[in-house]
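Here's a quick briefing for anyone opening this model for the first time. Take a look at it, then read on.

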Amino acid sequence: MTIDVNNESGRSVDEQALLDVARYALSRMRIHPLAELSVIVVDADAMEQLHLQWMDLPGPTDVMSFPMDELRPPVRDEEEPPHGLLGDIVLCPEVAERQGAEAPTQHSMDEELQLLTVHGVLHLLGYDHEEAAEKAEMFGLQTAILDGWRAERGLTGPSPAPTTAS
């Protein structure tokens, strides 16, 4: 898998963890190993501009996803995984830091960015959370992926609870 992480935020973030959790999520969702993904970390001003331009909503948000080839996970085990250009995930560490601090199970900015990366991957793969059933499915997958990744790395304690509003 080709995954590029580009930190334009001016903040120190664990770029390797973002790369690793994105790779793990794509593997768990059975996306072709030749798929391409870009993760961009921006400051609050840049995120606010994107949020206004693409969603017509004021203020910065935590994560935005911009799909390209609209890849979807295979439905059946014998199906060949799709490959192509997944798209871009844009993250905002300033919003992530605030959300992590305000979450019922407080956690670090980097832990929130990891959660948001998985959230962004799922959006790129067509998952959404507008309806209650969609939200249950997406957030359930998000938690399972994050828990699996954390367990594989030997990290203890529960994964951060979903806090994303996007």
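Asp-56 sits in the loop between H2 and strand S3 (63-67), where helices (H or I, at least four residues) and strands (E, at least two) are DSSP runs numbered from the N terminus. This is a predicted model, so to speak of local features takes a pLDDT of at least 70, side-chain atom pairs count only at pLDDT 80 or more, and totals for chains, interfaces and linings use all residues. Residues are numbered from 1 along each chain as its sequence is written, and side-chain values use heavy atoms, with hydrogens and water left out.

- Asp-56 isn't a glycine, yet it has a positive phi of about 55°.
- Asp-56 is exposed, with a relative accessible area of 62% (buried means under 20%, exposed over 50%, partly exposed in between, with a 1.4 Å probe and protein chains only).
- Arg-30 isn't a glycine either, and its phi is positive too, at about 60°.
- You'll find Arg-30 in the loop between H1 and strand S2 (36-41), and it is partly exposed at 27% relative accessible area.

**A nonpolar patch**

- Trp-54, Met-55 and Leu-57 make a nonpolar surface patch of about 330 Å².
- Patches are made of residues with over 30% relative accessible area and no salt bridge, joining like charges within 9 Å and nonpolar side chains (Val, Leu, Ile, Met, Phe, Trp, Tyr) within 5 Å.
- The accessible areas come from the Shrake-Rupley method with a 1.4 Å probe, and for residues only the protein chains shown count as cover.
- Met-55 belongs to helix H2 (residues 44-55) and is partly exposed, with a relative accessible area of 47%.

**H1 against H4**

- Helix H1 (residues 15-28) and helix H4 (residues 109-124) pack at an angle of about 35°, their axes 9 Å apart.
- Those axes are lines fitted to C-alpha atoms, for helices over the stretch in contact, and angles run from 0 to 180 degrees between N-to-C directions.
- The H1 and H4 crossing is right-handed, meaning that the near helix is turned clockwise from the far one by less than a right angle.
- Among the residues making the contact are Leu-18, Val-21 and Ala-22 of H1 and Leu-113, Thr-117 and Val-121 of H4 (contact means heavy atoms within 4.5 Å).
- Thr-117, in helix H4, is buried with a relative accessible area of 0%.
- Setting aside neighbours within four places in sequence, Thr-117 touches Leu-18, Val-21, Ala-22, Ile-89 and Leu-91.

**Salt bridges**

- Side chains of opposite charge can pair when their charged atoms come close.
- The count here is 3 salt bridges, each a side-chain nitrogen of Lys or Arg within 4 Å of a carboxyl oxygen of Asp or Glu.
- Arg-11 pairs with Glu-97, with the closest N and O atoms 2.7 Å apart.
- That pair links distant parts of the chain, 86 residues apart: Arg-11 is in the loop between strand S1 (2-7) and H1, while Glu-97 is in helix H3 (residues 93-102).
- Arg-153 and Asp-20 meet in another salt bridge (3.1 Å, N to O).
- Arg-153 lies in the segment after helix H5 (132-152) and Asp-20 in helix H1, so this pair ties together parts 133 residues apart in sequence.
- Glu-111 and Arg-150 also form a salt bridge (3.6 Å, N to O), joining helix H4 to helix H5 across 39 residues.
- In that last pair, Glu-111 is partly exposed at 24% relative accessibility, whereas Arg-150 is buried at 6%.
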